[in-house]
Amino acid sequence: MAFNKRIKIKSLLESDFVGQEMTLMGWVRTKRSNKNVSFVALNDGSTINNYQVVADPNIIEEEILKRITTGACIKITGKIVASQGAGQNSELAASKIEILGDADPEKYPLQPKKHSLEFLREIAHLRMRTNTFGAVFRVRHALAFAVHKYFNDKGFFYIHTPIITASDAEGAGETFKVTTLDIKNPPLTDEGKIDYKEDFFERETNLTVSGQLEGELAAMALAEIYTFGPTFRAENSNTTRHLAEFWMIEPEMAFYDAEDNQDLAEDFLQSVISYALEHCKDDLAFLDKRAAEEEQSKKADQRSELGLLERLQFVTDNKFERITYTEAIDILKNSTPNKKKKFQYLVQEWGVDLQSEHERYLVEKHFKKPVILTDYPKEIKSFYMRLNEDGKTVAAMDILFPGIGEIVGGSQREERLENLTARMQEMNIPQEEMWWYLDTRRFGATPHAGFGLGFERLVQFVTGMGNIRDVIAFPRTPGNAEF
């Protein structure tokens, strides 16, 4: 069958092959026929663009032409000829067509019409065949590649941190348990509690919520590392921003302070988004048009001032504004939406946790550029963040983007053993279970920093998709592990 002899549609559209004999394989998007000829729009996934195949019924037998339906997979051999119609410079005049896989038009759910995203989530096993999801997942690939390229070019080392762990890095307690015990009849201790000594790892374990703590251990030897792997949170949340399984990018750097950390994060975000803009032009042009149509269906006050491509340029072209949490609170307290009680959560005092509406106001209305917020109150941040000299704030940073709010969270880590143990005590984090983490402060401690970026949130920003479930192939959410 010589599958390796096929040419991809992407390659076909990028060069001039007129006059050459070629073999194409792909899935039928549409077919239209008249008495003299059939026109088949073929897509093979290499590009958002279809390629037109012309099938002459005097050459291709009627039985084969009948089986060319939307969704069918076909192999076509023929000559590349100059196209008479608009839209592409060439087309393939078929001399032979072979059906690789039929698709019953009565049963195939993806017909050439507009399907809702909710419907497509129900058929996630097929939705990548649509233009929207083909574009999303090609962009997702480009961003993943850009992440690895960026850190590799900077001399960082890629570390695979454990997926099964005995620690909860965030202290949130919303984790998926990992066990081999009989859940109907688990072994019990004398006190009537589950006896985890009988379990596979001889202790209670869960799926990781973050690779950060282990990443810090690696940074204390290799200096600059990053993790990029799956993380899990058993949060019973059905919002457009939450998944139970998602991917995190987490660099950790020895010999970095809070400012170095901000510099790296800003450069990183601008670099990977620039890569997508350069390498995914067709897909992003399609997604930009799609996002504009979606904006039209929103109420006027909910529409974004910027189109998708404009938002991406907004991030790559602007130096990020850097302000402290304290400065942000003052701006928000004195803002028109706060004074007129337009915010859902009014900002009244220092110490409150900022909501997405506050973050978006700072970025989209006040500064009109991405914002890095620093020096948060210690009470609303994690135990491992470095205490500032004022004793009230920590060397934390959040990066805020238009349309999405927080996209990156990070900090300079607390390298001083006394400060770290005091903070753990305040937050009731058992030090004996974290002995290995504290050892890095006992032996050769150094200032170090890092940040975390939820990969799906980045993909969501770059593709303009409104729901995070639409930027991961098979979303895991409460009540949903179908595929």
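Helices (H or I, at least four residues) are taken as DSSP runs and numbered from the N terminus, and on this basis Gly464, which comes just after α14, takes a positive phi of about 75°. The structure described here is a predicted model. Helix α14 itself spans residues 455-463, and because nine of its nine residues are buried, it is largely enclosed by the rest of the structure.

At the level of the whole chain, the secondary structure comes to 14 helices and 16 strands, and the C-alpha atoms fill a box of roughly 85 × 60 × 45 Å along the principal axes. Of the 483 residues, 49% count as buried. Among contacts with a separation of 6 or more, 68% are accounted for by residues 24 or more positions apart. The chain exposes about 24400 Å², of which carbon and sulfur atoms supply 49%.

The largest nonpolar core contains 119 residues, and the members that touch the most other members are Phe268, Leu269, Ile273, Ile399, Phe401, Leu458 and Val462. Helix α4 (residues 131-153) gives the most to this core, with twelve residues. When residues up to four places away in sequence are not counted, Phe268 touches Val147, Tyr150, Phe151, Ile249, Phe451 and Leu453.

The C-alpha atoms of Phe133 and Leu117, 16 residues apart along the chain, are separated by 9.8 Å.

Helix α11 (residues 356-367) has twelve residues and reaches 16 Å from its first C-alpha to its last, close to the 16 Å expected at 1.5 Å a residue. Its buried residues are His358, Glu359, Tyr361, Leu362, Val363, Glu364 and Phe367. Within this helix, the side chains of Glu364 and Arg360 meet in a salt bridge with an N to O distance of 2.7 Å, the two residues being four apart, about one turn of the helix. Arg360 is partly exposed, with a relative accessible area of 29%, whereas Glu364 is listed among the buried residues. α11 is followed by Lys368, whose phi is positive, near 55°.

In total, the structure holds 24 salt bridges. One of them joins the side chains of Arg322 and Asp263 at 2.8 Å, N to O; since Arg322 lies in strand β12 (residues 321-324) and Asp263 in helix α6 (residues 258-279), the pair ties together parts that are 59 residues apart in sequence. Both partners are partly exposed, Arg322 with a relative accessible area of 28% and Asp263 at 36% relative accessibility. A further salt bridge is formed by the side chains of Glu426 and Arg423 (2.9 Å, N to O), which both lie in helix α12 (residues 417-426), three residues apart. Here Glu426 counts as partly exposed at 47% relative accessibility, while Arg423 is buried, with a relative accessible area of 9%. Salt bridges that share partners also join Asp263, Glu266, Lys319 and Arg322 into one network.

Positive phi values of about 60° are taken by Glu202 and by Lys341, neither of which is a glycine. Glu202 is found in the loop between β8 (177-178) and β9 (205-207), and Lys341 in the loop between α10 (336-339) and α11, where Lys341 is exposed, with a relative accessible area of 61%. A nonpolar surface patch of about 390 Å² is made by Ile163, Ile164, Phe200 and Phe201. Of these, Ile163 lies in the loop between β6 (157-158) and β7 (164-165) and counts as partly exposed at 37% relative accessibility.

Terms used: Residues numbered from 1 in each chain as written. Predicted model: local features only at pLDDT ≥ 70, side-chain atom pairs only at ≥ 80, totals over all residues. Heavy atoms only, no water. Core = buried A, V, L, I, M, F, W, Y, C linked by side-chain atoms within 4.5 Å. Buried < 20%, exposed > 50% of the residue type's maximum accessible area, 1.4 Å probe, protein only. Contact = heavy atoms within 4.5 Å. Patch = residues over 30% accessible without salt bridge, like charges linked within 9 Å, V, L, I, M, F, W, Y side chains within 5 Å. Areas by Shrake-Rupley, 256 points an atom, 1.4 Å probe, with all protein chains shown as cover. Salt bridge = Lys/Arg side-chain N within 4 Å of Asp/Glu carboxyl O. Expected span 1.5 Å × (residues − 1).
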